[in-house]
Amino acid sequence: MNIPMEHGILLAAILFSIGLTGLLVRRNVIFMLLSVEVMLNAAGLAFIVAGAARGQADGQVMFIFILAMAAAEVSVGLALIIKMFKIFNSVDIDKADTMNG
Amino acid sequence: MKELLWLVVAFPFAGSLILMLIGKRLSRMACAFVGVGSILLAAVFTFIVGVGFLHNNPSSVPFNQSLWQWINVYGLTPNIAFHLDTVSLTFVFVITFVGALIHFYSAQFMWKDEGFTRFFVFMNLFVGLMLLLVLTDNLLVLYFGWEGVTLCSFLLIGFWYKDSANGYAAQKAFIVTRVGDTSMLIGLFILFMTFHTLNIQDILTAAPSTWLVSSGPAVLTAFLLLGGAIGKSAQLPLQTWLPDAMLAPSPVSALLHAATMVTAGVYLIARTHVLFELAPLVQSVMAMIGAATLLVAGLSALNQHDIKKVLAYSTISQIGYMFLALGVGAWSAAIFHFMTHAFFKALLFLGAGAIITVLGEEHNMFKMGGLRKKLPIVFWTYLIASSSLAALPFVTAGFYSKDKIIWMSYASDKGSLWLWLAALLGALLTALYTFRMVFLTFFGNSKTEPTHRPGAFITMPLVVLAVLSFAAGFIELPATMGHFTLLSDFIEKTLPAANTLHFSYATELLFQLISIATVIIGIFVAYKYYYNKPFPAAEPERNKLQAFLYNGWDFDLLYDFLFVKPLVFLSRIDKNDFIDLFYKGIESLMGALHKVLSATQNGKVRRYAMSIAIGTIITLTILLFL
Amino acid sequence: MNIAFYIASVLAIISTLLAITGKNAVHALLYFITSLLSVSVVFFVLGAAFIAALEVMIYAGAIMVLFVFVMMMMNMGADGVKKERALTTPSMWIGPSIISLLLFLEMFYILTNQTSQSITMLEVQPDAVGKLLFSKYIIVVELAAFLLTAGIIGAYHLAQKEKTIHHRFLQNENDNL
């Protein structure tokens, strides 16, 4: 019944890379936000694995905080997306490049 | 009564200050009153102070009066203090007395001019600064006075500023004099470094024990001070500014460029005579410069047609005589010639100014003529002054002073036959050009009619100065003619006597007869060529040699070639400021970098995310594998 | 129990991949919810039962639902799929894939260089978590409260309806209309 810790962290790493790829590729804002959520989830998984490896509850506490932060971020991010949709009438993020130079 | 010395200096400054502050609100009469009155009071007080100084003071112990301390830093403590001895008393007397007469003259001369008040502000300021120069006891205040009179000269030459030629002449005077001032300043630096004080008497007492005769520092310092004197007194090679300064009003030419300012160099050398005695090389150079200058200027004066230019070159020539005298060690002869020259040259300039005004601003002598009957007072005073300038024997002051210098240039232990010949030739030239001027202006047919007679205030100074030009010589008669040595005794209480080699009376008499004969020959030649000859009323035609002499031996062209053209050439090369290219390069490099870096900020979020990812990879790589 | 871990992890990876590469937004979201549920199973296996429950409730239950709501507001529909296809071409995947692959390889390298440590799989009780929250990490709890408050206020302000501004003389007219 022993799962090596590396496997758990490896799972987290794979999920993180997938999320990063999604962030870099997709132009739809919603998909980008989704990819960020994937990455956050992967990071939380890594914390849980580390906490479980030592039998401490600190990992779970960290995950709770990550969860809280993700919730706040999603709400504000979605509000921004709504705003952006109203202004640019599209969810293509490349449309919002006026802050250049 | 000697304590009233400070009033002599204070009155001109006070006059200038009053006119500066409230002159606009005063009437013209009130301005004239203040302007002339301040110098008149200074002259009166000079007389009082002089009497007080000479009273009960047989050996003429110098009188020091310290007013306040000016600077106190690092051992340099110049005070506003006055040192009155026989030399400075002579100079003060000439400055205030001749100055007062010239101020009377200029009150009427400039009466109709719109800058009347401004004129007197500058003139009073000049007299105040000149008095400060000759009375002060330390070299720093002397330098302050030196620069101050240059400034007043600049202001007064460019007095009629609406004509730009006057401005250029003023600039030229300032700049050329500045060259000399710089060398003098370096000399002052060396003096302070060596003696740690700039008090003149302290330096003069400490110098013989600090420097050996003809040692390096002594010669160097003497050369630098000589450079300053050359610039101020318009000697070779810095004489080019004085003929151009004749654009000033005639009273200015009389006061500054004849009687007082240009003799400041003579005063400086006489004051610091100990330093020059420690450097015999410099003294002989000084004598040679004086001799060369008097010949160059004399030949140039012979070719001029403008009456004031003749007088300008004549001034340069006469100061050459003074330098010659200083160079051979005849200190009192130089001061004597300074005094007589101040009288007759100021008179000549004032007379020329009167003539020019009544002829309607006509400067060309060839257009004048026949003024003998029309302007009798001007004619007789002018004739007396010209005779004094030409050293007409026995009856003029100029004869006694110039003759003394000519004799000393041979008889002194630093003199030589060549210097004597140069001085003699100079006397011939002086007589020639002076009487050429007189015959052209006053004799012959009248080509321009005078519009009016000059007023009383103009003729009164002329008369007084004429009397002085006649009588002032009698205070110093040479050994062969009565041996009356009032002035040289007076001066020799402060300055050393000249060392003469021993000559018999007969030799001296012979040399004097030769110089008298030279003068007579000169006057005769002028008579033969210029008396009652019909000249065309125009500028004369000149061949190449005459044109060369007319242009003052083309010194202006030489300096233009040596200094002005290279400077303009270099400025043209640097027209686009290529020296700043280095800084412009930095600026454009920054601009290019900015363009490059700003391209990375294109506003696209995915680009930023990608750069974060790549950055993470690179950092991890470095941490893991390096 | 180990099998459950590996099956759940494979499920999580596959559903995440499908979520990332999906063209239909709602479908992608639903795939992601699946991924979250699989990760929750992994949490269970690791002994963090409390967290597994929290993940389902908060992450999958609240945050994703919020996502779905906003998606509905966008109203993308069938056009959305076409637009998405236009936006993401296959060639665009190459570059970022390489980058992520590099990153993953580095992380893999770090992991394999460590000494192996096995998970004890002790079940950690929720009250241990609670005790820690209120003793050791109390400051962080307060900070999280700040964060959430800021999130609420920010979200409310940003999503406000913009007021149309009439001239004050026209105000009454508009009101009456």
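1. Between chain C and chain A, about 6900 Å² of area is buried, and carbon and sulfur atoms give 78% of it. The model under discussion is a predicted one. The contact draws 81 residues from chain C and 67 residues from chain A.

2. As to charged pairing, the rule finds one salt bridge across the interface of chain C and chain A. In this salt bridge the side chains of Lys136(C) and Asp58(A) meet, at 3.0 Å from N to O. Eight residue pairs, with both residues at pLDDT 80 or more, are found in polar contact across the interface of chain C and chain A.

3. On the side of chain C that touches chain A, two or more residues come from each of helices H1 (2-21), H2 (25-46), H3 (49-74), H4 (77-87), H5 (94-112), H6 (126-135) and H7 (138-158) of chain C. H3(C) gives the most to this side, with 14 residues. By class, the side of chain C that touches chain A holds 59 nonpolar, 17 polar and five charged residues.

4. The largest pocket holds about 650 Å³ of space. It is lined by 27 residues, of which Leu54(B), Leu89(B), Phe93(B), Met339(B) and Phe490(B) are the closest to its centre.

5. At least two residues of the lining of the largest pocket are supplied by each of these helices of chain B: H2 (28-54), H3 (86-109), H15 (331-358), H20 (456-471) and H21 (486-491). The residues of this lining comprise 21 nonpolar, four polar and two charged.

Technical notes:
Residues numbered from 1 in each chain as written. Chains lettered and ligands numbered in written order. Predicted model: local features only at pLDDT ≥ 70, side-chain atom pairs only at ≥ 80, totals over all residues. Heavy atoms only, no water. 1 Å grid on protein atoms, 1.4 Å probe; cavity = no way out; pocket = protein on both sides within 12 Å on 5 of 7 lines; lining within 4 Å. Points joined across faces, edges and corners; volume = space filled by probe spheres on them. Helix = DSSP H or I, 4+ residues; strand = E, 2+ residues; numbered from the N terminus. Nonpolar A, V, L, I, M, F, W, Y, C, P; charged D, E, K, R; others polar. Contact = heavy atoms within 4.5 Å. Buried area = accessible area lost by both parts, 1.4 Å probe. Salt bridge = Lys/Arg side-chain N within 4 Å of Asp/Glu carboxyl O. Polar contact = N/O pair within 3.5 Å; in protein donor to acceptor, adjacent residues only side chain to side chain.
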